[in-house]
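Dear colleague,

Please find the structure for your review below. The findings follow directly after it.

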Amino acid sequence: CKYGEQWQEALNMMASMFRQQLEANEVTFGAAMVACVEGQDWLNAIGLLSDMRRRHIEPNVAAYNSALRACDECERWQEAL
């Protein structure tokens, strides 16, 4: 999903996981955040960081990097800080 025009589908799959109460981890969050970068969706990228913390999953360097990249793509540096 992340490499094509289907970045929104990757986010939909993540939302479906949550609705089904499936466990998410750094890998699934990371894939969703890369999809946010591809789709220039800075708001969902920042939201996923918050979701990670809320679910007691410590964001790693890759997660922060993806959020920063999404903000950069949309010129939303204030939100990144």
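The notes below go from the overall fold to one helix pair.

This is a predicted model, in which local features need pLDDT of at least 70 and side-chain atom pairs count only at pLDDT 80 or more, while totals for chains, interfaces and linings use all residues. Residues are numbered from 1 along each chain as its sequence is written, and side-chain values use heavy atoms, with hydrogens and water left out.

The protein has 5 helices and 0 strands, these being DSSP runs numbered from the N terminus (helices: H or I, at least four residues; strands: E, at least two). Its C-alpha atoms fill a box of roughly 35 × 30 × 15 Å along the principal axes. Of the 81 residues, 33% count as buried (under 20% relative accessible area, 1.4 Å probe, protein chains only).

The axes of helix 2 (residues 26-38) and helix 4 (residues 61-73) come within 8 Å and cross at roughly 15 degrees; axes are lines fitted to C-alpha atoms over the stretch in contact, and angles run from 0 to 180 degrees between N-to-C directions. The two helices are therefore roughly parallel to each other (angles under 35 degrees). Helix 2 contributes Met33, Val34, Cys36 and Val37 to the contact, and helix 4 contributes Ala63, Ser66, Ala67, Arg69, Ala70 and Glu73 (contact: heavy atoms within 4.5 Å).

Among contacts between residues at least 6 apart in sequence, 51% join residues at least 24 apart.

Kind regards

Note on methods: Parallel < 35°, antiparallel > 145°, perpendicular 65-115°, else oblique. Buried < 20%, exposed > 50% of the residue type's maximum accessible area, 1.4 Å probe, protein only.
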